[in-house]
Amino acid sequence: MSFQHLSSPTPSQERIESKKRPHLSVFRFASFQNTNHTHGQAPPAYSRDDTLAERNQLHANVLHWMRIAIALVSLLVSLVIIAFSGNVLRMYNDTRYNNVEWILPLWPATVDLRPARALVACGVVLAVFSLVYVVLALAPTSLRSLPSLNLASTLLAFLSLFITIFTTAYSSTINSHLSDNTQAGTLASWTCRWQGFSSVAPGRFADICSQSTAAMDLIILMIVIEVFHVLLAGWGWWVGAKTKKVGGEKGIAV
């Protein structure tokens with residue numbers, strides 16, 4: 001009875017094999033852990049679970065950086081909202097208590113500041129939420145995981161979406177209610193009546209109107225951003241479910 005001699009692969013064969021199947025160090029593949037490789041032997045072929053784990057890792061990486069990008073955009077827009085609304089309140093105080101150019105009062109007896117203050121508060125909350133998520137997402141790998149980031153992203157996304165929708169509805173309702181009132185008004189409704197008459201409008205009214213309108217437009221933009229954030233949160237749970245289905249040993253690093 002004869003036995004066929006099995007020779008080790010040549011160096012050229014090893015190079016061809018390595019090009020076909022690059023090593024992925026981010027996975028803890030069982031096929032690499034449980035096999036004792038001798039010098040000169042090519043590693044075993046990837047299993048189907050290894051291929052799925054590779055795909056899930058790619059999805060997790062893309063998801064991770066998209067969430068960070070959305071949080072940074074949200075932070076930037078929130079800071080602009082705070083700047084516009086805060087400056088509007090400052091200009092109102094300047095024209096209210098330092099009226100040397102106009103003999104008659106520039107403002108009605110009742111000025112409703114709630115919309116402007118609501119925009120400032122909304123911007124502060126959204127900025128804090130965005131900053132919190134960026135800090136969590138960029139924490140050391142040992143302190144974070146995909147499930148924990150999914151939970152944080154979902155809570156912050158839904159809270160931010162609710163706050164932006166409520167602030168938009170709240171501010172718009174008050175502005176609309178006082179738009180035709182001659183005895184009271186908001187900063188936006190009162191100053192924007194002078195649109196088209198900037199040459200004769202009282203001082204800073206054009207700036208107050210434009211910045212108030214810009215802050216409201218940015219809050220509406222934030223609704224779109226937070227809807228996209230919610231969709232990313234849903235995608236995160238999908239990636240987590242797919243990862244769990246493949247198996248716990250196929251670790252996902254984010």
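Colleague: Let me start with Cys122: is this residue buried or exposed?

Modeller: Cys122 is buried, as its relative accessible area is 3% (buried is under 20%, exposed over 50%, partly exposed in between, with a 1.4 Å probe and protein chains only). Keep in mind that this is a predicted model, where local features need pLDDT of at least 70, side-chain atom pairs count only at pLDDT 80 or more, and totals for chains, interfaces and linings use all residues. Residues are numbered from 1 along each chain as its sequence is written, and side-chain values use heavy atoms, without hydrogens and water.

Colleague: How many disulfides are found in the whole structure?

Modeller: A disulfide is a pair of cysteine sulfur atoms within 2.5 Å. The search of the whole structure finds one, joining Cys192 to Cys209 with an S to S distance of 2.1 Å. Cys192 sits in the loop between α6 (187-191) and α7 (205-246), while Cys209 is in helix α7, so the pair ties together parts 17 residues apart in sequence. Helices are DSSP runs (H or I, at least four residues), numbered from the N terminus. Cys209 counts as buried, at 4% relative accessibility.

Colleague: Which way is that disulfide handed, right or left?

Modeller: The torsion about the S-S bond of Cys192 and Cys209 is about 105°, so the disulfide is right-handed.

Colleague: And which residues does Ile174 touch?

Modeller: Contact means heavy atoms within 4.5 Å. Ile174, found in helix α5, touches Asp112, Arg114, Pro115 and Thr186, leaving aside residues up to four places away in sequence. Ile174 is also buried, with a relative accessible area of 8%.

Note on methods. Helix = DSSP H or I, 4+ residues; strand = E, 2+ residues; numbered from the N terminus.
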